[in-house]
Every structure is written in C-alpha cells, then in structure tokens.
Amino acid sequence: MTVIIVCELLQTTSLLSPDKGRELTEKIRECLQDDADVMLDFRECEYLSSSFLNEAIGKQLIENQWTAAEFKARIQWQNLSEDAEIDLALALENAETKLHLIRNDIDPEEFYNNNLPDV
Amino acid sequence: MGKTIGIKRVLRPNPDYPIRQILVDTSIVIRYENPFGFVKADVNSRTVQQVHRLKSHYQLHATMLTAAEYFKYVQVGYYNIFIQTNSGHFRKYSIANFKSLKKNSAHFQRGWQLRLSAFRKTFQRHFPPAPQEAVNYNPAVFDAFDGSKADFGDFMLYRQAESLTDCAILTADKDFALFEGNAIVIRV
C-alpha cells in the first residue's frame, strides 16, 4: 500500500480548491496504475472543501466506475476529523449518484436543476 | 432601497460599517456545504474561502429559520434524487412517502442518516445559531409581510438584521436588494 501524506504532497493545509484536488487525483491515479492500494493520510489538514473532495475522491469513483465499497477496498484514509469523515462519505455518495446518471445517459446538471428545490 | 455592498468592503483593514455579527442566508449555506455535489467547484471553493475570511473578522451565525429552510432543501432534494435514481417509478414528494421510505428502505435510511449527520455538523459547528437577541420575533412582522418582494425566510432574516445595530446579512440571493430598509446586505 502506498501512503500519500496529502498536505505534504500539496504543500498546503487548506484543501479547498479543485486544482489541489486534481493534483491529488493525478497522484492517486499513478499509484493505482502501479496496482498499489492507497492510504490517504490527512494529518495537519486544517480545511477541506466539498469541491476538493469531489475532485480528488468523487472523480476517482466515477473514473473507475466503482461503488463506494469498491472505492474503499482500494483507497483508504486516516487522520480525518469527524466532520471531514462526513464530508468524504457525502462526496462518495454524491459521486455514486452522478455515476448512475452518467451510465443512464442523463446529464447530471440538468438532473439536479430538475430535482433540487428552489430556496 | 436598502444598502447592498460587496464582500471586499467589510474585509479591508478599516471597514466603513460597524458590523460585529453576520447572519448567513440559506443560499450561502448551500454554496458552502454543497450537500449534493451540485454547486460549481469554483463557487464552492470561493464561498468556503470567503466564509473563513469573514469568520476571522466577524461572528457568523445562522438563524433557526435558515436552518429550517436548509433542512427542507436537503430533505426534498435527497428524496427526489433517491426516487429518481433508485426506483423505477417517480412518486411526487410528500411527507408520507418520505416517512414510508424511511421506515421501509434500509438503503434510504442509511443515506438519510448521513444527511442528518451533515445537517447537524453544519449548524452546530460551521454556522451556529445566532445569540438569542438576534432571533426574538415580534409578532407584528407578520402584518408587515406581504410576500411581494421575497419569501418569508428572506423577509424574516432581513427584519432580524435590521433590528440589530451591528449586524449584516451575507447572501448570494439578489432578492435581498429589493428590501427597503436599513439592514446591510453583503452580496458574494
């Protein structure tokens, strides 16, 4: 298993931008191509945004056409706060929904526009 | 017409406005939390950064009405998405359908528990409710609400901010500019 110390790799403790998520995605992709399972170590992480998680985590699930369980079999994580654990679980669930839509030739943006209530 | 300002005006070293606390509108909570992964990535990350910067200068709070509005958004949104992606037939949202799924579908229940955990986190930690003085309601506000400019949640938020001398609203909703009053509205 390859351990990626996320804040060290990305040289920041604020994991907010989708660009940073893409950098992590690239690294994870390399590891997976080498057939290694991945452990994401979030030590010293101060902030996490949903767009970072969607880019780094959600897109891996969609790209590999995994279920959340298959994702967890290949990619694990540690040193996440309780709040961030919830955010990561949501990123996986939302990615599973998007993958389902894509498989059924449904445009996710149109789908959400039609199914989320106005506030 | 009320006063609407940009976020930079309250983040510069000597802001012109005597603001101590900021009440967040539901539009900000949705952009920040992105509960369905639907908010555009740049909007989400920009909102997270803006909220963190504002938090370093001001107290940021939700109100219970904002929490209730956000809860309804998550509840109906989760139901609609679940039904559309997991069931062969669409059933229009009703609280009875929602309760039935919660009782009879373990899959639905698991996802809903996750949404509830996220909801609690949002208002316990990210946007804790405003101190009591900010949410005291005067029954007279019901007389003043005619529904012409915005919905009731927006109206109440505006009135609450207006009743306090050191309070502003943070919103992404342009309807707030329609209110005629003294509250300061910060648009992102």
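**Questions of burial, contact and helix length**

Modeller: Leaving aside residues up to four places away in sequence, A:Leu24 touches A:Ile4, A:Val6, A:Leu9, A:Leu10, A:Leu40, A:Phe52 and A:Ala56, where a contact means heavy atoms within 4.5 Å. This is a predicted model, in which local features need pLDDT of at least 70 and side-chain atom pairs count only at pLDDT 80 or more, while totals for chains, interfaces and linings use all residues. Residues are numbered from 1 along each chain as its sequence is written, chains are lettered from A and ligands numbered from 1 in the order in which they are written, and side-chain values use heavy atoms, with hydrogens and water left out.

Biologist: Why is A:Leu24 called buried?

Modeller: Buried means under 20% relative accessible area, exposed means over 50%, and partly exposed lies in between, with a 1.4 Å probe and protein chains only. A:Leu24 has 0% relative accessibility and therefore counts as buried. A:Leu24 belongs to helix H2 of chain A, helices being DSSP runs of H or I with at least four residues and strands runs of E with at least two, numbered from the N terminus. In space, the C-alpha atom of A:Leu24 is 16 Å from that of A:Glu46, and the two residues are 22 apart in sequence.

Biologist: What makes A:Glu8 exposed?

Modeller: The relative accessible area of A:Glu8 is 59%, and because this is over the limit for exposure, A:Glu8 is called exposed. A:Glu8 sits in helix H1 of chain A, residues 6-10. The C-alpha atoms of A:Glu8 and A:Cys45 are 9.7 Å apart, although 37 residues separate them along the chain.

Biologist: What makes the phi of A:Asp35 worth a remark?

Modeller: Most residues other than glycine have a negative phi. A:Asp35 is not a glycine, yet its phi is positive, near 70 degrees. A:Asp35 lies in the loop between helix H2 (18-33) and strand E3 (38-41) of chain A, and at 66% relative accessibility it counts as exposed. A:Asp105 is another such residue, with a positive phi of about 55 degrees. The loop that holds A:Asp105 runs between H5 and helix H6 (108-115) of chain A, and with a relative accessible area of 75% A:Asp105 is exposed.

Biologist: Why is the reach of helix H6 of chain B called close to the expected value?

Modeller: Helix H6 of chain B, residues 106-126, has 21 residues and reaches 29 Å from first to last C-alpha, where 30 Å is expected. Its buried residues include B:Phe108, B:Trp112, B:Leu116 and B:Phe123. The buried residues of H6(B) pack against helix H5 (82-103) of chain A, and also against helices H2 (26-33), H3 (41-55), H4 (64-86) and H5 (95-104) of chain B.

Biologist: Which elements do the buried residues of H8(B) pack against?

Modeller: They pack against strand E2 (21-24), H4, helix H7 (141-144), strand E4 (167-171) and strand E5 (184-187) of chain B. Helix H8 of chain B, residues 152-163, has twelve residues and reaches 16 Å, close to the 16 Å expected. B:Phe155, B:Met156 and B:Leu157 are among its buried residues.

Biologist: What share of chain B is buried?

Modeller: Of the 188 residues in chain B, 53% are buried. Chain B has eight helices and five strands, and its C-alpha atoms fill a box of roughly 55 × 40 × 25 Å along the principal axes.

How values were computed: The expected span of a helix is 1.5 Å times one less than its number of residues.
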